Amino acid sequence: MTGRHTILLFAGCLILFLWGTWQLPFLGPDEPRYAQVAREMFETGDYFVPRLGGFAWFEKPVLLYWLISLAYAAFGVNEFAARLPSVLVATGTIAFLHFTIRRIAGKTKALLASAVLASTTFFIGFSHAATFDMLLAFCVNGALCCYLLHEHFPQKTLWLYLMYAFIGSGVLAKGFVAIIIIALTMLVYFIITRRLKNLFALKPVQGALITAGVIAIWFVPVSLIYGVRFWDEFVYQHHFVRYTSSYYHRSQGFFFYLPVLLAGTYPWSFAPFSAKLNGDSDLVKFALCWLFCPVIFFSFSQSKLPGYILPAIPGFAILGGLALSNLQKPLKLVLLSFLLQIVLIGAFFWGAKKYSVPLQPLFVMMGIIAFLSVLSAFLLIQKKRTAAWILYVLILFSAMILFQYVIYPQLPWSDSKMLSIEWSHQTEKNRKLVPYNVYDFSPLFYTNGRMELTPQGYPLNLTSASQLHRYMMQQGEAHVFAESEELQWMERADFWRIGPVLQGKEKAIIELHPK
């Protein structure tokens with residue numbers, strides 16, 4: 001493995017991670033909220049109190065908002081700028097992992113582990129998302145890589161101090177869960193390697209001071225401003241309550257993360273099983289702890305989202321890279337990959353049917369993926385490994401291109417952006433949009449906060465005709481964001497009259513006036 005391969009790896013990372021970040025509208029409820037919080041921070045110049053719709057909003061800490069604000073200053077307020085921090089920290093995560101494994105295990109293992117990490121669906125997907133998951137993964141990866149470097153080069157205490165700085169940054173990235181993940185991984189590793197006494201060699205007093213100093217950059221000023229309210233909302237509500245209850249409606253079964261891990265590590269899901277790993281190797285033990293400790297910890301959580309286990313994926317990548325570096329029987333990897341393709345293609349079509357995704361473009365995408373998979377398998381059996389790895393990575397790239405240009409245009413996700421922008425241009429700035437039976441925060445960003453919110457910073461989602469009528473009478477009119485099908489009964493109602501209607505494929509903005 002040469003320096004040329006490393007250059008190709010990082011060039012490929014930038015292409016994979018940057019592709020489409022400027023084109024795809026915000027997806028899901030989180031991206032538009034976080035992007036809007038960063039916009040309000042950028043426009044008001046208040047870099048300590050996150051706000052949504054003018055309300056103080058302590059669901060997440062501040063580091064991502066700072067980074068997005070910097071990107072807004074450089075590139076303007078848009079999707080690309082909001083997603084750029086995730087692109088950069090994803091690339092930084094891979095670079096630091098590559099540097100670490102190269103120092104302690106050699107160039108080949110470092111390149112393979114980094115290539116596995118860079119080309120997993122999890123890393124490609126979350127590198128395109130303006131969310132906190134990739135930033136947390138970067139901080140956890142940095143802390144654990146620093147520990148590995150300190151373990152192999154104990155005379156350099158700089159790695160130890162950097163580890164604590166990464167831990168503090170992880171708290172600013174997504175909260176105290178960063179400390180839990182890192183501490184749990186290292187504790188289990190010390191137990192299974194019988195090195196508990198090493199805990200006292202980690203300079204815990206100096207480390208606590210470094211971590212606390214980093215955390216204090218934000219915690220001290222915001223605590224002085226909001227006091228108990230901040231600690232109640234940020235720590236109690238969004239740490240303790242979120243973990244121990246289904247209050248936030250994200251409850252899943254205990255084994256939820258098994259299929260998530262299988263799909264998230266595609267196309268390398270079975271790579272760690274393709275060759276024998278040295279079970280006595282400390283690096284293998286550490287990687288196993290890194291992979292399974294976060295997964296098990298979040299499996300006990302009552303609130304579950306796929307991105308929660310993103311910090312565990314570098315541990316998987318290390319195992320995959322070590323196995324691939326010892327690959328003696330390519331046919332075994334080919335057969336495992338073939339089995340994985342069948343399982344995931346079946347899951348893909350099941351999901352498409354459940355969520356009414358058009359099947360024709362999926363057939364095209366699956367056909368291309370299958371063709372590239374067979375071709376890469378043939379090259380691998382012929383021992384043309386470099387060509388096979390490159391082609392294998394192209395599987396994900398082709399899937400991403402097809403999704404962006406073939407599947408996405410047939411889905412209704414762009415409705416929210418198009419309708420919100422058009423409505424903003426047509427109405428006075430003092431008018432607010434109110435959602436009706438729809439869970440979509442996109443208008444919050446695309447109207448620049450012109451959406452009715454509760455004092456907690458959540459959309460005021462009306463759920464019944466009486467609530468909607470009461471709201472309309474109080475405001476004198478109502479600009480309603482709803483599913484297009486709601487228009488039918490609204491037109492038949494006799495207690496308002498319908499004004500202008502903006503209609504997309506699935507969503508509509510309906511103007512209501514009292515009769």
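The model is predicted, and its protein chain holds 21 helices and six strands. Of the 515 residues in the protein chain, 54% are buried. Among contacts in the protein chain with a separation of 6 or more, 74% are between residues 24 or more positions apart.

**Nonpolar cores**

- The largest nonpolar core has 117 residues, and F17, Y65, M163 and W290 are the ones with the most contacts inside it.
- To this core helix α7, which covers residues 133-152, gives the most, contributing 13 residues.
- Another core, made of 16 residues, lies apart from the largest one and includes Y436, Y471, M472 and W496.
- As general background, nonpolar side chains in soluble globular proteins tend to be buried together.

**Helix α1 and its packing against α5**

- Helix α5 spans residues 107-118, and the axes of α1 and α5 come within 11 Å while crossing at roughly 10 degrees; α1 is therefore roughly parallel to α5.
- On the α1 side the contact is made by H5, T6, L9, C13, L16 and F17, and on the α5 side by L111, S114, A115 and A118.
- Leaving aside neighbours within four places in sequence, F17 is in contact with V87, A90, T91, I94, A118, F123, I124, S127 and H128.
- I15 also has its place in helix α1, which runs over residues 3-18, and I15 counts as partly exposed because its relative accessible area is 45%.
- Although I15 and V87 are 72 residues apart along the chain, their C-alpha atoms are separated by 10.0 Å.

**The four-stranded sheet**

- Four strands, in the order β3-β4-β6-β5, form an open sheet in which the pairing is mixed.
- The edges are held by β3 (433-435) and β5 (497-503), and since each has a single partner strand, one side of each is left without a neighbour in the sheet.
- With direction ignored, neighbouring strands of this sheet are turned by 30 degrees against each other on average.
- Helix α18, formed by residues 415-426, packs on the sheet and touches β3, β4, β5 and β6, and its direction makes about 35 degrees with that of β6.

**Pairing around strand β6**

- Strand β4, at residues 478-483, runs antiparallel to β6 and is joined to it by six bridges; A482 has A508 of β6 as its bridge partner.
- β5 and β6 likewise pair in the antiparallel sense, over five bridges, and R497 stands opposite H513 in β6.
- In general, the strands of a sheet pair through backbone hydrogen bonds, either parallel or antiparallel.

**Residue K507**

- K507 lies in strand β6, which covers residues 507-513.
- Its relative accessibility is 12%, and K507 therefore counts as buried, the cut-off for that being under 20% relative accessible area.
- Not counting residues up to four places away in sequence, K507 touches D415, S416, L419, V438, D440, F481, A482, E483, S484 and L502.

Key
Residues are numbered from 1 along each chain as its sequence is written. This is a predicted model: local features need pLDDT of at least 70, side-chain atom pairs count only at pLDDT 80 or more; totals for chains, interfaces and linings use all residues. Side-chain values use heavy atoms; hydrogens and water are left out. Helices (H or I, at least four residues) and strands (E, at least two) are DSSP runs, numbered from the N terminus. Buried means under 20% relative accessible area, exposed over 50%, partly exposed in between (1.4 Å probe, protein chains only). Contact means heavy atoms within 4.5 Å. A nonpolar core is a set of buried Ala, Val, Leu, Ile, Met, Phe, Trp, Tyr and Cys residues joined through side-chain atoms within 4.5 Å. Axes are lines fitted to C-alpha atoms, for helices over the stretch in contact, and angles run from 0 to 180 degrees between N-to-C directions. Angles under 35 degrees count as roughly parallel, over 145 as roughly antiparallel, 65 to 115 as roughly perpendicular and the rest as oblique. Two strands pair if DSSP finds at least two bridges between them.
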